[in-house]
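Here's a quick briefing on a single model, written for someone who likes the cut-offs spelled out. Have a look at the sequence and the fold, then read on.

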Amino acid sequence: MVLTLRAAGPSDAAPVVDLLRAARPHLVVTPELLAWQATGKPAERFGMLVAEADDGIAGVARTGLLYESAEPGLGFVNLVVRPEGRGRGVGSALLAAAEERLAGLGVRRAYARVDDEPAASPSPSGAGTGPVGAA
C-alpha cells in the first residue's frame, strides 16, 4: 500500500466523517463539525492529517493544543485507521506526522484516546507511549 500523508482540506470533511463512522461508530461527528474545527482560530487548536491510499482515505489524525490546560506544552493526537487498513503502517505513519506537527507547536506531551483493542494499541517499543489511566 502506497500512502500519501497530507493536511486535510475542506473537501476531506465528508470522507473523514465516513471513515470515523466506520471505524468508531460511537463518535458523533458531522462534516459541519470538522469544518468548524478546522477553521477555528487560532489554527493551532485543531488540525487534521489524512493518510490516503489507492482506495481513498485510510486514516486520520486529529491534533491540537490543549489550550485550556494550566500546564503549557500539552497537546492531543487522536488517530483513527479504517479497520481494513490496520496493521499496514497507516497509524504509525500518521502518528509520526502528528508528532512532528505538535512538536512544531511546542508540545512536549501529547495525550491520545485509544480504543481498547489490540489492533489500536501502540506497540510496547513505541517511544514514550503507554497508558496513563483508564477512563
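What follows covers the whole chain, then the sheet, then the strand pairs and a helix.

This is a predicted model, so to speak of local features we need pLDDT of at least 70, while side-chain atom pairs count only at pLDDT 80 or more, and totals for chains, interfaces and linings use all residues. Residues are numbered from 1 along each chain as its sequence is written, and side-chain values use heavy atoms, with hydrogens and water left out.

**The chain as a whole**
- The protein chain has three helices and five strands; helices (H or I, at least four residues) and strands (E, at least two) are DSSP runs, numbered from the N terminus.
- Going along the sequence, you get the pattern β-α-α-β-β-β-α-β.
- Of the 135 residues in the protein chain, 30% are buried, with buried meaning under 20% relative accessible area (1.4 Å probe, protein chains only).
- The accessible surface of the protein chain is about 8,300 Å², and carbon and sulfur atoms own 55% of that; the areas come from the Shrake-Rupley method with a 1.4 Å probe.
- Take contacts (heavy atoms within 4.5 Å) between residues at least 6 apart in sequence: 59% of them join residues at least 24 apart.

**The sheet**
- Five strands form an open sheet in the order β1-β2-β3-β4-β5, with mixed pairing; two strands pair if DSSP finds at least two bridges between them.
- β1 (4-7) and β5 (109-111) are the edge strands, each with a single partner strand, so one side of each has no neighbour in the sheet.
- From one strand to the next, the twist averages 25°.

**Strand pairs, one by one**
- β1 and β2 run antiparallel and are joined by four bridges, and A7 has L49 in β2 as its bridge partner.
- β2 (residues 47-53) and β3 are also antiparallel, with seven bridges between them.
- A hairpin takes β2 into β3 through two residues, and A51 sits opposite G59 in β3.
- On to β4 (residues 74-81): seven bridges join β3 to β4, and the two run antiparallel; L65 has G75 in β4 as its bridge partner.

**β3 and the helix across it**
- How many of the ten residues in β3 are buried? Eight are, which leaves β3 (residues 56-65) mostly covered.
- Helix α1 (residues 13-23) lies across β2, β3 and β4, at about 95° to β3; axes are lines fitted to C-alpha atoms, for helices over the stretch in contact, and angles run from 0 to 180 degrees between N-to-C directions.

Conventions. Buried < 20%, exposed > 50% of the residue type's maximum accessible area, 1.4 Å probe, protein only.
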